[in-house]
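Please read them with the sequence and the structure open beside you.

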Amino acid sequence: MRYISTRGKAPVLGFEDVLLTGLARDGGLYVPESWPAMAADDLRALHGLPYPEAAVQIMRPYLDGAISDEDFGAMVADSYAVFGHPAVVPLRQLESGLWLLELFHGPTLAFKDVALQLVGRLFDHVLKRRGERITVVGATSGDTGSAAIEACRHCDMVEIFILHPKGRVSEVQRRQMTTVDSPNVHNIAVEGNFDDCQDLVKAMFNDAAFRDELNLSAVNSINWARIMPQIVYYVTSAVALGAPDREVTFVVPSGNFGNVFAAYAARQMGLPVQRLVVASNSNDILTRFFDTGTMRIDGVEPTWSPSMDIQVSSNFERYLFDLCDRNPATLAEEMRTFRDTGSLSVGDNRIAAARQLFDAGRVDDDATLAEIRRVHADSGEVVDPHTAVGIAVARVQPRTAPVVCLATAHPAKFGDAVAQAIGECPALPSRLSDLMELPERAVALPNDLAAVEAHIRESLSESVR
């Protein structure tokens with residue numbers, strides 16, 4: 001298995017180097033040179049396997065022998081042993097034809113744990129063998145940061161810096177990052193929105209001298225190793241519902257396109273997917289793209305579902321690469337146009353091709369709160385606002401195949417929104433009961449690359465200097 005950049009001018013890499021590199025040196029994103037195939041019998045063989053065993057089978061082709069089966073199996077088992085449900089990602093029926101895939105049973109109560117618990121272990125394994133250290137930088141709209149910190153806080157060979165938009169994440173999300181008392185963990189509150197944080201991280205990777213000086217790596221979904229473990233839960237849930245002998249539709253609350261791209265990857269491997277439906281909040285750049293064929297940046301509006309308050313969806317480049325028939329020159333030119341003008345149109349033929357698989361819907365704040373209330377009144381269940389966006393969009397989908405909506409976070413992570421909807425705030429799990437009492441550690445910085453790079457240099461521990 002080899003990995004190529006979407007922009008065609010970065011070195012072709014194997015799995016270990018892709019893991020440690022993150023963003024390609026030409027500014028592109030790494031993707032597999034070709035998609036590994038899962039035949040119908042391969043899918044049937046996964047039925048009934050424990051989640052960690054199925055995960056090893058599904059991910060093994062992407063490693064292509066870079067890590068031994070024994071070592072990789074142990075890392076996968078350790079990653080999911082910390083989850084609070086024996087099924088790891090349980091599938092629960094909400095109503096006839098509509099299912100919830102619960103992805104929030106990990107240590108930070110969000111779907112990012114499914115990938116990042118493994119990524120942290122992969123980092124440590126590869127770096128110790130190589131005798132190297134890395135400096136991880138990442139941007140978060142809320143959940144990636146806490147999951148990445150939790151995954152890396154005990155890594156001997158990793159120093160981690162997470163940028164979050166000041167005042168634009170929930171209190172629980174912020175505290176899950178800023179209360180971690182590990183010397184290798186650093187939090188930066190940026191004066192701006194998530195897209196500003198994401199742009200700063202990309203700019204650091206594109207600053208070759210800074211990147212090489214600090215041996216930068218990424219935990220955001222710009223890193224292929226973040227996408228790979230997310231493919232697994234699409235495959236296992238579809239198999240549980242009858243794949244390969246019937247199709248499944250997935251509805252994915254999405255801002256950065258990484259989670260739904262993992263579903264696309266599963267489909268490219270051979271999973272029988274009927275539709276992939278992107279669920280957006282008021283920051284609906286993805287929905288507008290699938291509606292019109294044009295991606296145009298508007299202002300970011302704060303919502304009750306802040307993890308989707310995004311206007312520049314980084315992972316969309318990976319899908320656009322395939323829409324461009326994997327022509328890196330075409331892709332690079334279109335990304336330059338998007339950056340220069342804030343707008344990108346793909347033309348009638350390509351948007352027609354995209355619509356053969358993808359659909360999209362948007363839900364504003366009022367409808368989000370109404371959906372939380374409706375689910376609670378009908379079933380007694382409490383869902384977070386991102387999941388509520390997904391459920392609201394899922395309800396209008398035809399049910400000619402099972403419809404699976406991804407439940408991306410525990411409702412207690414967004415207690416203010418839930419309280420606004422149903423009049424009560426869900427309790428945090430007991431393991432996080434003291435979260436609101438712990439001291440916080442974070443530095444507020446302007447949206448300025450030089451200031452952020454200077455702070456990172458100054459903050460690195462002596463062992464990294």
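This is a predicted model: local features need pLDDT of at least 70, side-chain atom pairs count only at pLDDT 80 or more; totals for chains, interfaces and linings use all residues.

1. Helix α13, covering residues 316-323, packs against helix α15, covering residues 348-355, at an angle of about 115°, and the two axes lie 11 Å apart. The angle therefore makes α13 roughly perpendicular to α15, given that 65 to 115 degrees is the range counted under that term.

2. As to which residues form the contact, α13 contributes Tyr-319, Leu-320 and Leu-323, while α15 contributes Arg-350, Ala-353 and Ala-354.

3. How many disulfides does the model contain? The count comes to 0, and the pair Cys-152 and Cys-155 shows the reasoning: the cysteine sulfur closest to that of Cys-152 belongs to Cys-155 and is 4.6 Å away, which is too far for a bond because a disulfide requires the two sulfur atoms to be within 2.5 Å. Cys-152 has a relative accessible area of 1%, so this residue is buried.

4. Trp-99 sits in strand β4, which spans residues 98-102. Its relative accessible area is 19%, and Trp-99 therefore counts as buried, the cut-off being under 20%. Leaving aside residues up to four places away in sequence, Trp-99 touches a set of residues that includes Leu-91, Arg-92, Leu-241, Pro-402 and Cys-405. Of these, Cys-405 is itself buried, because its relative accessibility is 0%. Trp-99 and Ala-394 are 295 residues apart along the chain, yet their C-alpha atoms are separated by 9.5 Å.

5. Is Gly-14 buried, partly exposed or exposed? With a relative accessibility of 29%, Gly-14 counts as partly exposed, and its place is in the loop between β1 (3-5) and α1 (15-21). When residues up to four places away in sequence are not counted, Gly-14 touches Met-1 and Tyr-3. Between Gly-14 and Asp-195 there are 181 residues of separation in sequence and 29 Å in space, taken from C-alpha to C-alpha.

Key
Residues are numbered from 1 along each chain as its sequence is written. Side-chain values use heavy atoms; hydrogens and water are left out. Axes are lines fitted to C-alpha atoms, for helices over the stretch in contact, and angles run from 0 to 180 degrees between N-to-C directions. Helices (H or I, at least four residues) and strands (E, at least two) are DSSP runs, numbered from the N terminus. Angles under 35 degrees count as roughly parallel, over 145 as roughly antiparallel, 65 to 115 as roughly perpendicular and the rest as oblique. Contact means heavy atoms within 4.5 Å. Buried means under 20% relative accessible area, exposed over 50%, partly exposed in between (1.4 Å probe, protein chains only).
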